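Visitor: I'd like to go through this one with you, feature by feature. Could you show me how to read each thing as we go?

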Number of protein chains: 2
Amino acid sequence: MPQYDLYHNEVKNALIKDGWVITDDPFTLEYKGLRLYADLGAEKLFAAEKNHEKIVIEIKVFNSPSLITELEKTLGEYNIYLSVLRRTNPEHKLYLAITETVHTDFFKKPAIQDILSDQQINYLIFDPNQEVIVQWIN
Amino acid sequence: MPQYDLYHNEVKNALIKDGWVITDDPFTLEYKGLRLYADLGAEKLFAAEKNHEKIVIEIKVFNSPSLITELEKTLGEYNIYLSVLRRTNPEHKLYLAITETVHTDFFKKPAIQDILSDQQINYLIFDPNQEVIVQWIN
């Protein structure tokens with residue numbers, strides 16, 4: 001089993017406050033002998049669209065000395081999870097969860113914005129103190 | 001400056017034997033305040049096509065205990081280098097260099113093949129003992 005990330009509970013609480021039901025903690029990805037764990041699975045009923053949205057969340061703290069090394073690992077992990085999800089759970093959308101600080105200080109740098117845009121990463125920004133989701137970015 | 005990978009010289013010699021001229025060692029990627037180093041740059045004249053092919057090589061040894069963690073880092077790094085290269089050196093193609101052993105024991109696993117195919121990774125397989133390139137995979 002995976003270790004919990006810092007902010008695991010904060011993101012979980014933020015999702016619940018936002019109307020999501022936590023369905024998986026962690027979310028297990030199994031495919032052709034590979035077994036991986038994403039942090040959370042959740043779903044929410046959007047009544048207007050009569051639609052259940054299902055998401056898988058991977059929390060990334062970016063607290064290592066080299067942010068670019070952590071971004072490399074994050075993007076690789078995101079793409080591996082995406083490859084597996086498309087085959088095993090195609091109805092689930094994958095999101096990275098990052099703090100406002102990481103978004104402002106690192107993700108908004110011009111070079112990083114271009115890289116994230118090429119990679120078509122979905123992410124949500126959360127406030128770990130208030131335990132709320134600040135923004136969803138698709 | 002980056003540390004040399006194990007097999008840096010072996011890959012360099014294999015490329016030279018294959019008719020490539022080493023143009024950059026390491027190959028510097030600079031873009032909007034980001035500075036990264038790929039292992040090698042090389043070019044080769046293909047007389048029949050009157051074409052200079054230019055490549056950037058990143059050597060990956062896969063000697064850590066968790067191969068999947070190393071793949072995550074490798075794919076993220078590959079995608080970041082690709083984002084930068086497309087903007088700064090669009091005439092260069094990016095290749096991972098891996099040994100025959102890594103190819104046979106890890107890359108050929110069904111789950112990994114699917115992930116690599118989704119990511120459209122170019123790689124070359126080399127024999128570190130003979131210092132030769134065994135196969136190019138696009």
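Guide: Let's start with Gln135(B), which sits in strand β8 of chain B, residues 132–137. Strands here are DSSP runs of E with at least two residues, helices are runs of H or I with at least four, and both are numbered from the N terminus. Keep in mind that this is a predicted model: local features need pLDDT of at least 70, side-chain atom pairs count only at pLDDT 80 or more, and totals for chains, interfaces and linings use all residues. Residues are numbered from 1 along each chain as its sequence is written, while chains are lettered from A and ligands numbered from 1 in the order in which they are written.

Visitor: Does Gln135(B) count as buried or exposed?

Guide: You count other C-beta atoms, placed from the backbone, within 10 Å of the residue's own: 20 or more is buried, 12 or fewer exposed, in between partly exposed. Gln135(B) has 10 such neighbours, so it counts as exposed.

Visitor: Leaving aside neighbours within four places in sequence, which residues is Gln135(B) in contact with?

Guide: A contact means that the C-beta atoms, placed from the backbone, lie within 7 Å. On that basis Gln135(B) touches Leu124(B) and Ile125(B). Leu124(B) is 11 residues away along the chain, yet the two C-alpha atoms are separated by 5.7 Å.

Visitor: On to the chains. How many residues of chain B are in contact with chain A?

Guide: 21 residues of chain B meet 21 of chain A. On the chain B side, α2 (67–88) and α4 each supply at least two residues, and α2(B) gives the largest share, 10 residues.

Visitor: At what angle do α2(A) and α4(B) cross?

Guide: Axes are lines fitted to C-alpha atoms, for helices over the stretch in contact, with angles from 0 to 180 degrees between N-to-C directions. Helix α2 (residues 67–88) of chain A and helix α4 (residues 110–119) of chain B come within 10 Å and cross at roughly 110°. Asn79(A), Ile80(A) and Ser83(A) meet Asp114(B), Ile115(B), Asp118(B) and Gln119(B) there.

Conventions: Contact = placed C-beta atoms within 7 Å.
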